[in-house]
Amino acid sequence: MTDPLTPGATIGILGGGQLGRMLSVAAARLGFKTHIYEPGANPPAGHVADCVTTADYNDTAALEVFAAAVDVITYEFENIPTAALDVLEGKRPIRPGRESLRISQDRLTEKDFLSDLGIAVAPYKNVEVVNDLQDAMAHVGTPAILKTRRLGYDGKGQVRITASGQAEQAFSDVGKAPSVLEAFVDFTHEVSVIAARSLGGDIACFDPGENVHKDGILATTTVPARLTSAQRTDAVLLAAKILNALDYVGVMGVEIFVTKQGLIVNEIAPRVHNSGHWTQQGCTVDQFEQHIRAVAGWPLGDGTRYADVVMENLIGEDINRVPDLAQQANTSLHLYGKVEVKPGRKMGHANRVTSVLK
Ligand code: AMP
């Protein structure tokens, strides 16, 4: 399919969390239907989508029915099993494409890819077995962070190493899984670029946001980020380089460490990103609509920032602050409809507009 989708078409979304939910709302605004594929019961995206398939990613028959029911397939998380993609591939376009998933599913592949593009990443070394770890520590030095190559998110599957004696314990702590040891980056702050690329190859980046993490989980994103004009341009250019190299279609989050020596890419996420939620109140076209436009083959929209915004994640018991937040001026609430409150669980977010640009 190369023609743009017309309203009434159905966008299939793999994954039914809050990102899928907000993608579905954006799709509905453009007249599209959405069909969520999610193994878990009662997914947040299911509350606002037209159709939900509840099935495992190894259920070939369910995947085939899903593919037949949609016009294009996108996803809200990167760890979709390869076997599921094998079933879907060829039946409907998958956007962003499989290469983006292959690269972002494995931290080692991702770092090799970024390095080959000439983009700075923290010094890193592959760790397959515990003995590799001593060599890796000699290579990258300490302090360092051991991260599992696959399936880590929100600081999970990561352990910090400050002295060589901690190697064995650290490797046990990550479940003795194939990992990457990376040097601890002495950053001044963290930013991210939310970048979009259309089917025709046009690129539009949102203004970078400044991110603060607590316990490995994003706590706040603030725009504008503290960046010089040169750094802002560098950040946007490196994101564009990544998207072009992948012939990417859709929105990507590029997480960046700002150091005194320059910008270092931490990781890329081939999907809409938590640090792009501020765009809902800061831009005419937010990251969710931008992603839907791209995967539908539409032109990208105007993502120029017209406000200063602070996005705050509501994590776990933070949800109890909703009655108070609901009374605050210039504050927009986005709640995910999750019933069970768990520590570390993202329940919603609040976007506070701190100033509207003239
Ligand atoms: P990640 O899951 O890789 O996005 O890491 C989560 C957070 O841990 C990052 O946003 C940083 O705050 C911190 N972090 C991860 N890797 C490094 C590193 N190499 N050096 C310093 N801090 C890091």
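Me: Starting with Val265: buried or exposed?
Reply: Val265 counts as buried, because its relative accessibility is 2%. The cut-offs are under 20% relative accessible area for buried, over 50% for exposed, and partly exposed in between, with a 1.4 Å probe and protein chains only.

Me: What kind of model and numbering is this?
Reply: It is a predicted model, with residues numbered from 1 along each chain as its sequence is written. Local features need pLDDT of at least 70, side-chain atom pairs count only at pLDDT 80 or more, totals for chains, interfaces and linings use all residues, and side-chain values use heavy atoms, leaving out hydrogens and water.

Me: Where does Val265 lie?
Reply: In strand 14. Strands are DSSP runs of E, at least two residues; helices are runs of H or I, at least four, and both are numbered from the N terminus. The C-alpha of Val265 is 9.0 Å from that of Leu238, 27 residues away along the chain.

Me: Ligand next. How many residues surround the ligand?
Reply: There are 16, and the closest are Lys147, Gln158, Glu182, Val185 and Glu190.

Me: What area does the ligand expose alone, and what share does the protein bury?
Reply: Alone, the ligand exposes 470 Å², and the protein buries 91% of that. Areas come from the Shrake-Rupley method with a 1.4 Å probe; for residues, only the protein chains shown count as cover.

Me: Which elements give two or more residues to the shell?
Reply: Strand 6 (144-148), strand 8 (179-183), strand 13 (250-259) and strand 14 (262-269).

Me: And by class, what does the shell have?
Reply: Six nonpolar, four polar and six charged residues. Nonpolar covers Ala, Val, Leu, Ile, Met, Phe, Trp, Tyr, Cys and Pro; charged is Asp, Glu, Lys and Arg; the others, Gly among them, are polar.

Me: Why does the ligand lie between domain 2 and domain 3?
Reply: Because domain 2 (123-183) and domain 3 (189-356) both give residues to its shell. Those bounds come from an automatic or database domain assignment.

Me: New topic. How many residues has the largest nonpolar core?
Reply: It has 35, and Leu5, Ile11, Phe32, Trp278, Phe288 and Ile292 have the most contacts inside it. Helix 1 gives the largest share of this core, five residues. Domain 1 (10-94) and domain 3 each supply at least three residues of this core. A nonpolar core is a set of buried Ala, Val, Leu, Ile, Met, Phe, Trp, Tyr and Cys residues joined through side-chain atoms within 4.5 Å.

Me: Which side chain makes a polar contact with the side chain of Arg271?
Reply: That of Glu78, at 2.6 Å. Arg271 is in the loop between strand 14 and helix 9 (279-282). Its relative accessibility is 15%, so Arg271 counts as buried.

Me: Which residues of helix 5 are buried?
Reply: In helix 5 (residues 107-116) they are Arg107, Leu108, Glu110, Lys111, Phe113 and Leu114. At the helix start, a side-chain oxygen of Asp106 comes within 2.8 Å of the backbone nitrogen of Leu108. After helix 5 comes Gly118, with a positive phi near 85 degrees.

Me: What is the phi of Lys176?
Reply: Positive, about 55 degrees, although Lys176 is not a glycine. Lys176 counts as exposed because its relative accessibility is 57%. Asp247, also not a glycine, has a positive phi of about 50 degrees. Asp247 is exposed too, with a relative accessible area of 54%.

Technical notes:
A residue is near a molecule or strand if one of its heavy atoms lies within 4 Å of it. A polar contact is a pair of N or O atoms within 3.5 Å; within protein, one must be able to donate a hydrogen and the other to accept it, and residues adjacent in sequence count only if both atoms are side-chain atoms.
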